[in-house]
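Let's take a walk through this one together, starting with its charged contacts and then moving on to its nonpolar surface. Have the structure open and follow along.

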Amino acid sequence: MIKTVTMEDFDKKEFRYEKAKKKAKNLRGFYFNLMSYCVVIPTLITVNLIYMPEFHWFWFSMLGWGTGILAHGMEVFQFNPFLGKNWEERKMQEFIDQELEKRKKTNNQY
């Protein structure tokens, strides 16, 4: 028995593939960013403590970049305590519903 593949099935698979590809790319970017941080920050600390030990300027880089990595990780791992789980999907659905409602009102006027 041969199963036929419909366009809808194909579109769903293509969508899932593209979504998985995007997630993998974002995860790779996060790991690269984290790896760079783990190499560069100790280097900056060493340079700072050797050449200018009286002023610890490395904290600015460490905290700034660290905050960026934290935000990047929260995005990649979909952790957002402020907006909740699936906030983006719910908001998109709300916008779609609003647009459909506008079109219904517009079509009823004619």
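One thing to keep in mind: this is a predicted model. With that said, let's start with the charges. Searching the whole structure turns up two salt bridges.

Take Glu94 and Lys91, whose side chains pair up at 3.4 Å, N to O. Both sit in helix H3, which covers residues 87-109, and because they are three residues apart there, about one helical turn separates them. How open to the surroundings is each partner? Glu94 comes out as partly exposed, at 34% relative accessible area, and Lys91 is partly exposed too, at 26%.

Now slide along to Glu99 and Arg103, where the side chains meet in a salt bridge at 3.5 Å, N to O. These two also belong to helix H3; they are four residues apart, so once again the spacing is about one helical turn. Here Glu99 is partly exposed, with 37% relative accessibility, while Arg103 reaches 51% and is classed as exposed, since the cut-off for that label is over 50%.

So much for the charges; what about the greasy side of things? Look for Val47, Ile50, Tyr51, Met52, Phe55 and Phe60: together they make up a nonpolar patch on the surface, with about 680 Å² of accessible area. Which element gives the most to that patch? Helix H1, running over residues 7-51, does, with three residues.

Note on methods: Residues are numbered from 1 along each chain as its sequence is written. This is a predicted model: local features need pLDDT of at least 70, side-chain atom pairs count only at pLDDT 80 or more; totals for chains, interfaces and linings use all residues. Side-chain values use heavy atoms; hydrogens and water are left out. A salt bridge is a side-chain nitrogen of Lys or Arg within 4 Å of a carboxyl oxygen of Asp or Glu. Buried means under 20% relative accessible area, exposed over 50%, partly exposed in between (1.4 Å probe, protein chains only). Patches are made of residues with over 30% relative accessible area and no salt bridge: like charges are joined within 9 Å, nonpolar side chains (Val, Leu, Ile, Met, Phe, Trp, Tyr) within 5 Å. Accessible areas come from the Shrake-Rupley method with a 1.4 Å probe; for residues, only the protein chains shown count as cover.
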